[in-house]
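Keep the structure open while reading.

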Amino acid sequence: MSEWTWEYEGYDPAEETLRESLCSLGNGYFATRGAAPECPAGGPHYPGTYAAGVYNRLTSEVAGQTVSNEDMVNLPNWLPLRYRLTPPGGGSGTDWYTPDDAALRSYRQLLDLRAGIYERHLVYEDASGRRLRVRQFRVVHMDDPHLAALRTEFTAENFDGTLEVESAIDAGVTNDGVARYRELNGQHLAEIMSGYPEDCTVWVRARTVNSGITVAVAARTYSSEGPACEPRPSTGTPTRPATRINLTLKQGETAAVDKIVALHTSRDSAISDPLDAALDGVRNVPGWDELLLDHRLAWQRLWHRALLEVPDEAGHILRFHLFHVLQTVSPHTADLDAGVPARGLNGEAYRGHVFWDELFVLPYLNLHFPEVSKGLLRYRHRRLDRARRLARDAGFDGAMYPWQSGSDGREETQELHLNPSSGRWLPDNSRLQHHIGSAVAYNVWSYARATGDARFMEHEGAEMLLQISRFWASKSEWDGDLGRYRIRRVVGPDEYHDAYPDATEPGLDDNAYTNVTAAWVLQRTLESLAALPEERRAELAEHTGLDDTELAHWDDISRRLHVPFHQGVVSQFEGYGELRELDWVGMSTKYGDIRRLDRVLEAEGDSVNRYQASKQADTLMLGYLFPPRELRALFARLGHRLDDETWRRTVDYYVARTSHGSTLSGLVHAWVLARVRPTQAWGFFQEALRGDVADLQGGTTGEGIHLGAMAGTLDLVQRCLTGLRIRSDGALGLDPVPQPELSGYDFAIHYRHLWGVRFRMRSGGLDISLPESNRPSLDIRLVDRTVTLRPGDSFHLTLPEGD
Ligand code: BGC
């Protein structure tokens, strides 16, 4: 495998779903799984096409309850293209070839990461010894986000014959990609129409049943012998309209068939009717070669802005992660009303919902594609009023962002979830993860720091910070006995703990991560509001009723929120230290993989709530968000001393009690350990790298990639290993840590007005350089001094020895 490709050799039905997810192609507007165009959905094949922000709501009956779920809709499948040879003596066709066929002799899949092309190489040999070689190239266009294309080349190795090729669009699709959801209603498309205009194009149009989004897909298929014009079926309005063409194959020669596709929805801007736009799209495409050229150039521009080079296997996987990040949230996303789907646009897990995972995605984007970060923050801002309503309905002030968000910003977390190990539907209390609000605030603040976008901060940014702070203030209760404010009845990032053992009501008190981040949000909001131009501050005050008394109250809370401790470590929540210890060795011996401890224990009639066992980094998330000095200062402001020893003890304590049932966990542990226990960090770094490519979470990658972990690994290099921070005065802080297993790295960032600020790590240390073209200078703040770089300057920083 070259460093710019991602390859699979041989066909393996057991791996097909995983490969489909990992070979998905997308452009930030829509994506299509890497499914085989020869095969309909079924068995190991699950073709899926999803457009950012296209959701639909359905109700279902499960476990005697009516539940309502909003899903990212599986759109009409544009892939179908199948082929068969006519029998040697003539007559009607044999079976269509598929990779599941006994005639398959070889199979290879290859993603060209540089150019965004997915290649498939197949060889078939039928019972009469005719060998047919097939090479197929697929793109989801990175320049024109509505286009996709498939070129298929057929070579008759040892025969002359006729190949029948059928190209179709299948609108008879449902959301059926996640086994756990199969008891739920998945029929999102209705009013399916289709047609074959005279110019040999086929099209389908459908509407999502509840959200009423019209989706149209059109396809033109042609070969050097002309367009595929024979309609199949020839009458009616089928859900799978197809056209056929016969190709004359000559021994040793290659014939190509091109299928050009356009997809539009009624959410698009600058169109009249989606079907018109789709038909217009396929008719005005110049041809495969030109299409490919524009696509390659668009990718070239992306890679230039995204530059991050790391050698060896780690670098290869990081490039693959970057490829998927760019396919899910590209510059095309900036103009859409869409958030960060936790599982990419690669599958249906978590229904395409938007969680706090953007906390792991935006920091990377901020320094390469700030306009995309801004677009994603605007998705949150447009739902600010809805978040205020959520707060009001729950009896609070301000804005309570939902744990899972979809189209209109209501709480989309499912009410019941299925434990596949026990077959039981259980209440889902993860909606109590109100820390999502702090994640939104953190992203607002970090975006503004990275870009210096004062206008955004004065308007959307300030409005979000203000309302999130107001929520935290109203959620904080004064406890006279403790002399502290408390935040009660919440769930922290560790979703295994959603209640005290034997409690009748869900929720926990004083989750340390929630309380400390709430204090941080209040403090930053106060600073940000104070920094606003006088007139804007007055306008906001008038509009929201914010006054000095409220500000003083926020300040007080930000200094006196309760942070629980036990045995000299920060407690994940009040009472965590009183829970039982789990027999980790016994459990692993009995069950093997215990990442999903919650399911294992529930199936046994027990509950993970009784144990000191966390799903993922929770308290340690504090070390992910805040570098050591800032974390110390935050604790100090809250009246606690968090010295290095206490933090180290806290880290060791939770490392020993975490099952890593989320891909985010390995990432955060790698990040935190890089500074606390560097020798342990690499194992977690590898876990984060292998999460999707080796499908470590037990078969979940086939249902969609884990975008947060993928983007987070990029940021591990960019910000964790360099200690890169953006200081309040605009200087770049640097405090690199060695990671001996990673022999070097090289990346460039777009920082405010500076393009191409370059960081190169080699064994001797870190080089930072500013390209000639940039006019202003840049201050680099090191632990012990400040260095000013002028255009064309570079600076070498020798690294401390690792331990
Ligand atoms: C994790 C959450 C995450 C969600 C979506 C869950 O398994 O526990 O932290 O937000 O997946 O990726």
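## Gly704 and its surroundings

Contact here means heavy atoms within 4.5 Å. The model is predicted. By that cut-off, Gly704 touches Ser21, Arg343, Asn346 and Gly347, leaving out residues up to four places away in sequence.

Where does Gly704 sit? Its place is the loop between α19 and α20 (707–721). Gly704 has a relative accessible area of 0%, so the residue is buried. Arg392 lies 312 residues from Gly704 along the chain, and their C-alpha atoms are separated by 34 Å.

## Ala391 in helix α7

Ala391 belongs to helix α7, which spans residues 384–393. Is Ala391 buried or exposed? Its relative accessibility is 0%, and buried means under 20%. Ala391 therefore counts as buried.

Setting aside neighbours within four places in sequence, Ala391 is in contact with Phe396, Asp397, Gly398, Ala399, Met400 and Phe471. Take Phe471. Ala391 and Phe471 are 80 residues apart along the chain. Their C-alpha atoms are separated by 7.1 Å.

## Helices α4 and α19

Two packed helices are described by the angle between their axes and the distance between the axes. Helix α4 covers residues 312–328, and helix α19 covers residues 678–693. They pack at an angle of about 50 degrees. Their axes are 10 Å apart. The two helices are therefore oblique to each other. The crossing of α4 past α19 is left-handed.

Which residues make the contact? On α4 they are Ala314, Ile317, Leu318, Phe320 and His321. On α19 they are Trp682, Ala688, Leu689 and Val693. By class, the contact of α4 with α19 has 8 nonpolar residues, 1 polar and no charged.

## Helices α9 and α11

Next comes another helix pair. Helix α9 runs over residues 454–475, and helix α11 over residues 534–544. Their axes cross at roughly 45 degrees and come within 12 Å. So α9 and α11 are oblique to each other. This crossing of α9 and α11 is right-handed.

From α9, the contact draws on Glu458, His459, Ala462, Glu463, Leu466, Gln467 and Arg470. From α11, Arg536, Leu540 and Thr544 meet them. How do the residues of this contact of α9 with α11 divide? There are 3 nonpolar, 3 polar and 4 charged.

## The sheet β2-β3-β4

An open sheet is formed by 3 strands, in the order β2-β3-β4. The pairing is antiparallel. Strands β2 (25–26) and β4 (49–51) stand at the edges. Each has a single partner strand, so one side of each is left without a neighbour in the sheet.

Strand β3 covers residues 30–32. It pairs with β4 in the antiparallel sense over 3 bridges. Ala31 stands opposite Tyr50 in β4.

## The hairpin β32 to β33

A hairpin joins β32 to β33 through 4 residues. Strand β32 spans residues 778–781 and pairs with β33 in the antiparallel sense over 4 bridges. Ile780 has Val787 in β33 as its bridge partner.

In a regular strand the side chains alternate between the two faces of the sheet. Which residues of β33 (786–789) lie on the covered face? They are Val787 and Leu789. The uncovered face of β33 carries Thr786 and Thr788.

How values were computed
Residues numbered from 1 in each chain as written. Predicted model: local features only at pLDDT ≥ 70, side-chain atom pairs only at ≥ 80, totals over all residues. Heavy atoms only, no water. Axes fitted to C-alpha atoms, helices over the stretch in contact; angles between N-to-C directions. Parallel < 35°, antiparallel > 145°, perpendicular 65-115°, else oblique. Left-handed = near helix turned anticlockwise from the far one by under 90°. Nonpolar A, V, L, I, M, F, W, Y, C, P; charged D, E, K, R; others polar. Buried < 20%, exposed > 50% of the residue type's maximum accessible area, 1.4 Å probe, protein only. Pairing = 2+ DSSP bridges.
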